[in-house]
Every structure is written in C-alpha cells, then in structure tokens.
Amino acid sequence: MFRSLRSRLFGLVALLRQFIWRHAQLHPLITLLNISSIGLGVAVYLAVQVANHSATRAFRASIDLVSGKSQLEVRPTTGFLDDALLPLVATHPGIAAATPILESYATFTNKPEEHLKLIGIDIFSSAPFQTMGLGKNGEAGIGGLTSNAEVAVDWLTMPNQVIITEKLATRLEISPGYALGMQVNGRACVFEVAASASADEMDEAASDRIALMDIGWLQEATGRIGELDSIQIVVEEAAELESVRRSLLAVLPPGATVASPQQRSAQVEKMLRGFQLNLSALSMVSILVGIFLIYNTVAASVVRRRKEIGTLRATGASRRLIRGLFLGEAALYACLGALAGAPAGIWLSRLLIGQVAEVISSHYLLIHISRAFTDPVQVIGA
C-alpha cells in the first residue's frame with residue numbers, strides 16, 4: 001500500500017512537472033506575466049502596509065518622546081496653557097511630579113528641507129519623566145545634563161542652547177559649539193549646540209530631528225512668554241489615577257483637559273486610520289488586477305490545451321485530476337509571485353514612506369518617519 005501511494009505521488013509530481021514546465025517553455029512571456037502580475041500586487045500591497053505601520057509607529061514614538069513616563073497630561077482644548085497653572089498642578093493632592101512642556105518647530109536657514117522639533121523642558125522637574133529617553137547610564141536629567149555643571153550652567157544662563165541626538169549630529173556633521181541658523185515662527189534665530197546625547201533608550205522609530213532646550217529660553221525665542229503646550233504628570237503610587245484626574249480637572253480653569261498620553265495617541269490614530277484604510281483599499285486594487293490576469297491566463301490556457309486535456313482524459317485521467325493540474329499551476333505562479341513581491345514591497349516601502357509622511361504632515365500633523373519598519377505579520381498577510 002505504501003509503495004502504491006508513493007508511486008502515485010511520484011507519478012503526480014512528474015505529471016505536474018511535465019504539464020507546467022513544458023507550457024512554461026513554450027510560452028515564457030505568459031509565464032513571466034503571470035508571476036510578475038502577482039508579484040506586483042503583493043509588492044504594492046505590502047509597501048502600503050509597511051508605510052502605514054511605520055507612520056503609526058513614528059507617531060507613537062513622537063508621543064512617547066514628549067510624555068516620557070507620564071501617566072496624565074494637562075492640555076488646552078485650544079490655544080495654550082498659562083504657565084501659572086504649573087504650581088497648581090504640581091501641588092495638587094495625589095500628584096508626585098509635574099513638568100512643563102513647550103513644543104515648536106524650526107527650519108534650517110541654509111537647509112529648508114531640514115527641520116527640528118524644539119522641545120522646551122525644565123531639567124530639574126523632568127528628571128522623573130526621563131523625557132525623550134536621553135538619560136545616560138541612569139544619570140539624572142536629560143543626557144546626564146544636571147551632572148555636568150559646566151553644560152548645565154550654560155544651558156540655564158545662555159540663550160538658545162540646544163541638545164540634539166548623536167544620530168542627528170553625525171548625519172549633519174555637527175559638534176558641540178556649532179551655531180545653527182534657524183527660522184522659528186518667522187523669526188531668524190541662532191541656536192548653539194550645547195551637547196549631543198545618546199538616544200539608546202528612545203524608540204528607533206522616533207525621529208532624530210529633535211532638539212531639547214530650556215523652556216524659558218524657548219519661550220523667549222518663539223515669543224510665547226508665559227505659554228505652555230502641556231504639563232506632564234506622574235501620580236503617587238498610593239493614588240488612584242482616575243480619581244486624581246477627576247479632582248484635578250475640577251480645579252483647572254475652563255479650556256484645560258486632563259487625560260493620559262495614550263488616550264491622545266488613540267484619538268489621533270483614529271483620525272489617521274481613515275487615511276490608512278484608503279491607502280490599503282487602493283493597494284488591494286493591484287492584487288485584484290493580478291487575480292484577473294492570472295484567471296484570464298488560466299482560462300486561455302484551458303482553451304489552448306484542449307488536445308492535452310483530451311489525451312489525458314483518453315488515458316484515464318479524471319476531471320478532478322485535470323482541474324488540480326490547472327489549479328496547481330496557478331498556485332505555483334502565485335507562490336513565485338509572492339516570493340518575488342515580498343522583497344520588492346519592502347524595497348518599495350522605503351520610497352513610499354516619504355510620500356506618506358508628506359501627505360500626513362500636510363493634512364493631519366507634522367510627522368517624520370525615520371525608516372521603514374516591517375512587521376512579519378504583514379509579510380505573511382501579503
């Protein structure tokens with residue numbers, strides 16, 4: 001029985017090989033079209049999925065960049081927060097630490113295509129939050145700033161001192177003391193690089209186009225005296241998060257909201273999901289085209305092979321066997337197309353992420369995708 005089953009299996013494989021290989025040799029262009037059509041569909045679909053995933057991950061990283069380990073944040077519904085709210089928040093019952101944040105964007109005078117996200121912080125109150133994940137070897141403060149007296153004094157007493165990531169410093173060939181000509185809110189400013197900090201603890205999806213600055217000096221540079229974008233909060237271990245949120249919201253003036261950074265992230269992600277769904281639907285069209293191409297090719301192949309089909313039927317082949325030969329041929333082309341399309345899609349996504357980031361920045365929020373991030377689940381799905 002085992003020998004009979006093995007001989008039948010070998011016979012089927014030999015028949016498949018003869019049926020498919022012979023036709024491929026006689027019609028190489030049609031065979032290549034089949035494989036290419038599936039490969040192109042898989043590549044486009046996978047590229048869009050990778051670009052969407054990379055954009056979402058970059059956005060989440062940008063949220064984590066600012067919020068750090070904060071559990072709650074105070075934000076305005078519109079406009080800005082008055083920095084007079086900081087003592088009220090910091091001394092509220094159940095709150096262990098609070099730190100102010102101011103955000104702005106600046107473009108390079110000599111490189112308009114390059115921009116920096118300026119994040120104004122207070123180095124003394126931000127230590128528990130490890131804002132941006134730039135603390136080195138557990139040192140207090142950003143990049144160990146508070147442990148370096150000389151840099152800390154310059155940071156606090158001299159205007160427009162910034163700390164950038166080592167990755168950005170390497171890419172732009174910038175060293176400490178370098179003067180950066182920038183445009184901020186229509187104003188010409190010169191920022192001096194105080195130091196570059198390791199970003200080992202940062203999510204690799206986070207953009208390197210970031211710079212830290214003392215919040216007071218950033219308020220001066222941007223003309224936003226007395227304004228804050230958010231106040232990040234860590235609650236006491238014994239406190240219940242929701243009760244602290246409700247009690248704090250009750251004492252804040254109208255126009256201020258209290259929520260977790262994750263909640264804000266989820267709200268923006270929900271807004272982006274419609275755009276990403278549209279891209280995914282468009283990418284599915286390419287796979288649909290590939291399906292129609294391979295279907296029409298197989299249908300035409302059946303007509304061309306009537307003589308072979310008749311010969312097989314005359315020698316005892318069943319309808320099921322012949323149907324299996326055609327479906328096996330189509331499945332083989334699909335597998336080869338998918339194997340070729342997956343790496344092509346990953347390569348294509350590297351070209352696509354720039355366009356996706358540009359559209360999101362134009363219509364939703366400014367975002368920079370550092371590189372494409374591939375999820376194995378997406379490859380399997382494609």
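This is a predicted model: local features need pLDDT of at least 70, side-chain atom pairs count only at pLDDT 80 or more; totals for chains, interfaces and linings use all residues.
Close-up 1. Residues are numbered from 1 along each chain as its sequence is written, and side-chain values use heavy atoms, with hydrogens and water left out. The patch is formed by L33, V285, V289 and L293, which together have about 310 Å² of accessible area. Accessible areas come from the Shrake-Rupley method with a 1.4 Å probe, and for residues only the protein chains shown count as cover. Patches are made of residues with over 30% relative accessible area and no salt bridge; like charges are joined within 9 Å, and nonpolar side chains (Val, Leu, Ile, Met, Phe, Trp, Tyr) within 5 Å. V289 is found in helix α8, and at 44% relative accessibility V289 counts as partly exposed. Here, buried means under 20% relative accessible area, exposed over 50%, and partly exposed in between (1.4 Å probe, protein chains only). Helices (H or I, at least four residues) and strands (E, at least two) are DSSP runs, numbered from the N terminus.

**Close-up 2. Strand β10 (residues 230-235) is mostly covered, with 6 of its 6 residues buried.** Look along the strand and you will find S230, Q232 and V234 pointing one way, with I231, I233 and V235 pointing the other way. Strand β10 pairs with β3 (residues 95-108) in the antiparallel sense over 6 bridges, and A98 stands opposite I233 in β10. Strand β1 (residues 72-76) also pairs with β10 in the antiparallel sense, over 3 bridges; here the partner of V74 is I231. Two strands pair if DSSP finds at least two bridges between them.

**Close-up 3. Strand β1 is largely enclosed by the rest of the structure, because 5 of its 5 residues are buried.** From β1, L72, V74 and P76 point one way and E73 and R75 the other way. Strand β1 is joined to β11 (residues 256-259) by 4 bridges, and these two strands run antiparallel. In β11, the bridge partner of R75 is T257.

**Close-up 4. E73, R75, E103 and K117 are linked in a network of salt bridges.** A salt bridge is a side-chain nitrogen of Lys or Arg within 4 Å of a carboxyl oxygen of Asp or Glu, and the structure holds 7 of them. The side chains of E73 and R75 meet at 3.4 Å, N to O, and both residues are buried. K117 forms a salt bridge with E103, the closest N and O atoms being 3.2 Å apart. This pair links distant parts of the chain, with K117 in strand β4 (residues 115-121) and E103 in strand β3, 14 residues apart. K117 and E103 are both buried.

**Close-up 5. In helix α7 (residues 241-251), R245 and E242 lie 3 residues apart, about one turn of the helix.** Their side chains meet in a salt bridge (3.0 Å, N to O). R245 counts as partly exposed at 21% relative accessibility, and E242 counts as partly exposed at 32%.

**Close-up 6. Two cysteines, C189 and C335, are shown here: C189 is buried, and C335 is partly exposed.** Their relative values are 12% for C189 and 47% for C335. A disulfide is a pair of cysteine sulfur atoms within 2.5 Å, and by this rule the count comes to 0 disulfides.
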